[in-house]
Amino acid sequence: MRACRGCGRATTPIRRRTALTLLLAACGRSGILVEENPDGLCSGDGDGFFATVVLDYDPILAGGDPADDEATDPQTALGSPDARPTPPLGAVSLGEGGSITLGFAPCVLGTDGTSAPDLVIHEHGFLEYTTVALVPTARTRGLLPGVIGLDGRVAIDSPADGSGIDIDAALADLPLDAREFSAVRLVDVAGQGEVTADTPGADIDAVQVLTPRPDR
Ligand SMILES: [Ca+2]
Ligand SMILES: [Ca+2]
């Protein structure tokens, strides 16, 4: 597995900081700065919230060739969409069958309880399909019986057209307060989409949480 390149660097939350706490990132070798008092950051107001930390990136998970260097910085999947047609691209190529796991600290991915989208995967360039799996929080891990896989994640069907994902529809049998997640894992579906040798697999610009919530 390729090293978790660039892990530990995080985008800076856009709102006023009141205090900072060092939170260890899951890469196990670095830390990120997050707000101790997010000052409404996780309230769900506004335009949503974007992934803040890279927990894992493995573009050769399925044995494919990685993208060119300018398309293999997983940090470019953090923050709001900023992809460009020429380098720096502002998006990361997953590689054919590759994966990325992105976290939302200090918030978690929540849902709005309606059929409206809860999660949006912003791709760059040609639309390519990825599978989506959600990582429960410490609190919700025990509230998701029957839907957590052996890998500890909850697989969610995602629309192939790139529109937002309604997590409520996928987890309708579970109580609303169980529908909270700390991270999302995307895996490129090999053998589909346009063949782009320089940027194989889906190219992720940003991951947006439309209903962020505080981590309870
Ligand atoms: Ca929803
Ligand atoms: Ca980006």
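Visitor: Which residue stands opposite F49 in strand 12?
Guide: V209 does. This is a predicted model, so every value here is computed from it.

Visitor: What makes strand 3 and strand 12 a pair?
Guide: The bridge count. Pairing takes at least two bridges. Strand 3 (residues 49-50) is joined to strand 12 by 2 bridges.

Visitor: How many bridges join strand 8 to strand 12?
Guide: There are 5, and strand 8 (residues 119-123) runs antiparallel to strand 12. I121 stands opposite V207.

Visitor: Why is strand 12 called largely enclosed?
Guide: A residue is buried if 20 or more other C-beta atoms lie within 10 Å of its own. In strand 12 (residues 203-209), 7 of the 7 residues are buried, so the rest of the structure largely encloses the strand.

Visitor: What makes strand 11 largely enclosed?
Guide: The burial count: 7 of the 8 residues of strand 11 are buried, so the label holds.

Visitor: Which strands are joined to strand 11 by bridges?
Guide: Strand 6 (residues 99-103) is joined to strand 11 by 5 bridges, and strand 9 (residues 130-136) by 7. Both run antiparallel to strand 11. I100 stands opposite L186, while A133 has R185 as its bridge partner.

Visitor: Which members of the largest nonpolar core touch the most other members?
Guide: The core has 46 residues, and those are A77, L102, F104, V184, I204 and V207. Strand 11 (residues 181-188) gives the largest share, 5 residues.

Visitor: How do you know what A77 is in contact with?
Guide: Contact means C-beta atoms within 7 Å. Leaving aside neighbours within four places in sequence, A77 has such contacts with A51, V92, I100, L102, I204, D205, A206 and V207.

Visitor: Why is D168 called partly exposed?
Guide: D168 has 19 other C-beta atoms within 10 Å. Buried needs 20 or more, and exposed needs 12 or fewer. The count of 19 falls in between, so D168 is partly exposed.

Visitor: Where does D168 lie, and what is it in contact with?
Guide: D168 lies in helix 1 (residues 167-170). Beyond four places in sequence, its contacts are T111, G113, T114, S115, D118 and R179. The C-alpha atoms of D168 and G113 are separated by 5.9 Å, though the two are 55 residues apart along the chain.

How values were computed:
Residues numbered from 1 in each chain as written. Chains lettered and ligands numbered in written order. Predicted model: local features only at pLDDT ≥ 70, side-chain atom pairs only at ≥ 80, totals over all residues. Core = buried A, V, L, I, M, F, W, Y, C linked by C-beta atoms within 7 Å. Helix = DSSP H or I, 4+ residues; strand = E, 2+ residues; numbered from the N terminus. Contact = placed C-beta atoms within 7 Å.
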